[in-house]
Amino acid sequence: MRYILLFVFLVQCSFGFSQKKFDAAAAKKYQQELNKEYTDPKTSPLEVEDLRGFKGLDFYPVNKKFFVNAHFVRTSKEKPFQMKTTTNRTPVYVKYGEVHFEIDGQKCKLNLYQDVVSARNPEYKDDLFLPFFDKTSGKESYIGGKYIDLKIPKGNTIAIDFNTSYNPYCAYNYHYSCPKVPLENDLKVAIRAGVKKFHD
């Protein structure tokens with residue numbers, strides 16, 4: 001019995017240690033860095049005409065409500081698939097896991113994906129891709145949904161800060177080839193966080 005209690009205690013500790021706190025300053029810094037990237041002609045996805053008058057992206061106010069410590073479930077035996085994009089390009093992804101969380105009292109689930117080819121590179125082996133729609137998509141935010149970049153968690157929780165969600169490059173320039181958000185990643189809540197739509 002003593003060993004069972006010790007095991008439960010260690011599991012609880014492990015879960016607790018993986019919890020992260022909301023960092024408004026970090027979210028604002030991320031947004032500032034994104035604006036720098038988009039302002040620089042060498043790194044900006046903007047078309048030349050848009051870049052001339054660009055003064056910064058339109059963000060929702062940073063909001064703690066849209067930071068969650070989600071329950072992470074690693075899925076196994078998933079088959080790689082060709083993810084649809086805005087062009088004929090079909091990069092190979094695999095569903096890496098699921099995240100479960102609540103916003104506004106509503107239970108939410110999203111799938112996490114990993115780029116199979118990129119994962120072979122040690123520099124990107126821990127990268128995860130979180131594309132999603134929400135109730136603002138096509139209204140206040142880009143109709144094609146938004147993305148969040150994440151890292152493989154060490155435990156069974158993963159911090160997701162929707163304040164760092166960003167538009168695919170296709171929202172600014174049709175020359176780019178962007179993964180389309182899988183239909184199963186459609187949230188039934190409004191995520192008023194991150195970047196708003198660029199053009200009306």
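**Hairpin, strands 3 and 4.** I started at the hairpin that strand 3 and strand 4 form, with 2 residues between them. Strands here are DSSP E runs of at least two residues, helices are H or I runs of at least four, and both are numbered from the N terminus. In the turn I read a positive phi of about 55 degrees for Asp-104. Strand 3 covers 92–103 and strand 4 covers 106–115. I checked the pairing, for which DSSP must find at least two bridges between two strands. Strand 3 and strand 4 run antiparallel to each other over 10 bridges. Across the pair, I found His-100 opposite Lys-109 of strand 4.

**Ground rules.** I am working on a predicted model, where local features need pLDDT of at least 70, side-chain atom pairs count only at pLDDT 80 or more, and totals for chains, interfaces and linings use all residues. Numbering runs from 1 along each chain as its sequence is written, and side-chain values use heavy atoms, with hydrogens and water left out.

**The loop.** I looked at Gly-105 next, in the loop between strand 3 and strand 4. Is Gly-105 buried or exposed? I classed residues by relative accessible area: buried is under 20%, exposed is over 50%, and partly exposed lies in between (1.4 Å probe, protein chains only). Gly-105 has 66%, so it is exposed. Asp-104 has 55% and also counts as exposed. I then took a C-alpha to C-alpha distance from Gly-105 to Ser-44: 38 Å in space, 61 residues apart in sequence.

**Salt bridges.** My criterion was a side-chain nitrogen of Lys or Arg within 4 Å of a carboxyl oxygen of Asp or Glu. That rule gave me 8 salt bridges.

Which residue forms a salt bridge with Asp-104? I found Lys-65, with the closest N and O atoms 2.9 Å apart. This pair links distant parts of the chain, 39 residues apart. Lys-65 sits in the loop between helix 3 (48–52) and strand 1 (67–74). Lys-65 is partly exposed because its relative accessibility is 41%.

I moved on to Lys-95 and Glu-98, whose closest N and O atoms are 2.8 Å apart in a salt bridge. Both Lys-95 and Glu-98 are buried. I also noted a network of salt bridges that links Lys-95, Glu-98 and Lys-109.

Last, I checked Lys-151 with Asp-127, a salt bridge with 2.4 Å between the closest N and O atoms. Lys-151 lies in strand 6 (residues 146–151) and Asp-127 in strand 5 (residues 127–132), 24 residues apart. Asp-127 is partly exposed, at 26% relative accessibility.
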